[in-house]
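Subject: Structure handover

Hello,

Here is the structure for you to look at.

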Amino acid sequence: MIEATQIPKNVVSSIPTLEFNGLFDGQVVYQLGVIGELKDQGVGKYQTLAKRYPAHLESDLATKVTATSERAISQQETPGLYQVLYQAEGVHEDVSPLTAPDIVFMTKVLGMNLTAIWVRLMIGRFSGQALVKASHEGTTYHGAIYRAHFPYADYHLTNQKSAPATVIGAQIERANKGSEQ
């Protein structure tokens with residue numbers, strides 16, 4: 001069950017939204033990466049149903065997004081996994097907890113069990129050194145594309161709308177490997 005505060009927003013726009021993802025331990029913000037949205041094939045606009053990791057950003061914009069996001073996340077009252085949304089270049093719109101679909105996507109892409117890391121953080125057994133070690137230990141992050149699936153007909157569901165909160169499945173395509181379902 002996704003809490004009401006964690007229901008993904010369906011942002012539809014003519015420009016791609018950026019999503020800065022980070023883990024906040026109460027003192028330090030650990031950057032997990034920036035996701036950029038792709039044009040959804042059915043709608044022809046950018047929306048939260050098709051994403052690319054990492055987002056392709058110019059160095060000036062990447063520096064601005066990182067600094068602004070780390071400041072915004074560090075102002076949160078509780079530790080956790082957070083996402084800072086950018087609708088326009090370099091202007092942050094919202095800070096919210098990282099949604100379940102994005103946790104799964106980032107876990108696959110980074111090869112780190114973010115759910116286990118979050119649980120350790122919540123029970124006071126989190127070690128930032130372990131996260132830093134895991135993120136640098138012979139790991140090369142390859143690009144990946146996430147596309148949500150809505151096979152409503154397969155489950156005999158009617159009158160359903162495609163939105164991030166109603167994702168039934170997803171496909172992740174890695175830049176140098178095959179697809180995962």
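The notes below cover the fold, the cores, an aromatic pair and a surface patch.

This is a predicted model: local features need pLDDT of at least 70, side-chain atom pairs count only at pLDDT 80 or more, and totals for chains, interfaces and linings use all residues. Residues are numbered from 1 along each chain as its sequence is written, and side-chain values use heavy atoms, with hydrogens and water left out.

Overall fold. The protein has 4 helices and 8 strands. These are DSSP runs numbered from the N terminus (helices: H or I, at least four residues; strands: E, at least two). Along the sequence the pattern reads β-β-β-α-β-β-α-α-α-β-β-β. Of the 181 residues, 39% count as buried. Buried means under 20% relative accessible area, exposed means over 50%, and partly exposed is in between (1.4 Å probe, protein chains only). Take the contacts (heavy atoms within 4.5 Å) between residues at least 6 apart in sequence: 57% of them join residues at least 24 apart.

Cores. A nonpolar core is a set of buried Ala, Val, Leu, Ile, Met, Phe, Trp, Tyr and Cys residues joined through side-chain atoms within 4.5 Å. The largest has 22 residues. Leu23, Tyr53, Leu81, Phe105, Met106 and Leu114 have the most contacts inside it. At least two of its residues come from each of strand E2 (29–39), strand E3 (46–53), helix H2 (100–110), helix H3 (114–122) and strand E6 (144–149). H2 gives the largest share, 5 residues. A second, separate core has 13 residues, including Phe20, Phe24, Val29 and Val65.

Aromatic pair. The whole structure holds 1 such pair. Rings of Phe, Tyr and Trp (its six-membered ring) pair if their centres lie within 6.5 Å; planes under 30 degrees apart count as stacked, over 60 as edge-to-face and the rest as tilted. Tyr30 and Phe126 have ring centres 5.7 Å apart and planes at 70°, so they are edge-to-face. Tyr30 sits in strand E2 and Phe126 in the loop between H3 and helix H4 (128–136), so the pair ties together parts 96 residues apart in sequence. Both Tyr30 and Phe126 are buried.

Surface. Trp118, Val119, Met122 and Ile123 make a nonpolar patch of about 370 Å². Such patches join nonpolar side chains (Val, Leu, Ile, Met, Phe, Trp, Tyr) within 5 Å, from residues with over 30% relative accessible area and no salt bridge (a side-chain nitrogen of Lys or Arg within 4 Å of a carboxyl oxygen of Asp or Glu). Areas come from the Shrake-Rupley method with a 1.4 Å probe. Met122 lies in helix H3. Its relative accessibility is 40%, so Met122 counts as partly exposed.

Best wishes

Conventions. Patch = residues over 30% accessible without salt bridge, like charges linked within 9 Å, V, L, I, M, F, W, Y side chains within 5 Å.
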